[in-house]
Amino acid sequence: QVQLVESGGGLVQAGGSLRLSCAASGRTFRWYAMGWFRQAPGKERTHVATISWSGGSTNYADSVKGRFTISRDNAKNTVYLQMNSLKPEDTAVYYCAADRQAYGWGSPDQREYEYWGQGTQVTVSS
């Protein structure tokens, strides 16, 4: 089993940066793909970035390519999302998730993820 806790959200001006962290518990963390998804007010949750179990492969939504970077530190059971050049449209609750199967490549399909954190709010002002 995996438990996930996000942190690092907050209020930032457009063009600014934030780094989100997701702390995971469970000895099997290193064998699972991880991802970040977000949900804006009144909209459905969408894929932001995912990373394979090994960290060797990543997948980004087109809207965040070149601005966001996902990474993981298996020794610390933590996955990160570095967000640069933030835009107002990035405003959302950001959720960390763990794949339901081991050795995942980092699918952008949120249906593949079983464990979810409670989310952290990111607000980007104009």
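Start by selecting Cys22 and Cys96: both are buried, which here means under 20% relative accessible area, where over 50% is exposed and anything in between is partly exposed (1.4 Å probe, protein chains only). Before you move on, know that this is a predicted model: local features need pLDDT of at least 70, side-chain atom pairs count only at pLDDT 80 or more, and totals for chains, interfaces and linings use all residues. Residues are numbered from 1 along each chain as its sequence is written, and side-chain values use heavy atoms, with hydrogens and water left out.

Now show the sulfur atoms of that pair. Cys22 and Cys96 form a disulfide, with the sulfurs 2.1 Å apart; the term covers a pair of cysteine sulfur atoms within 2.5 Å. The structure holds 1 disulfide. The pair ties together distant parts of the chain, 74 residues apart: Cys22 sits in strand S3 (residues 18–25) and Cys96 in strand S9 (residues 92–102). Strands here are DSSP runs (E, at least two residues), just as helices are runs of H or I with at least four, all numbered from the N terminus. Look along the S-S bond and you'll find a left-handed link, at -80°.

Next, colour S9 and see what lies beside it. Strand S4 (residues 32–39) is joined to S9 by 7 bridges, running antiparallel; two strands count as paired if DSSP finds at least two bridges between them. Click Gln39 and you'll see Val93 of S9 opposite.

Stay on S9 and pick out two other strands. Strand S11 (residues 120–125) pairs with S9 in the antiparallel sense over 3 bridges, and Tyr94 has Thr120 in S11 as its bridge partner. Strand S10 (residues 113–116) also pairs antiparallel with S9, over 3 bridges. There, Ala97 stands opposite Trp116.

Go back to S3 and follow its sheet. This one is open, with 4 strands in the order S1-S3-S8-S7 and antiparallel pairing. Strand S1 (3–7) and S7 are the edges, each pairing on one side only. Between S1 and S3 there are 5 bridges; select Gln3 to find Ser25 of S3 opposite.

Last stop: Gly66. Where is it? In the loop between strand S6 (58–60) and strand S7 (68–73). Is Gly66 buried or exposed? Gly66 is exposed, with a relative accessible area of 84%.
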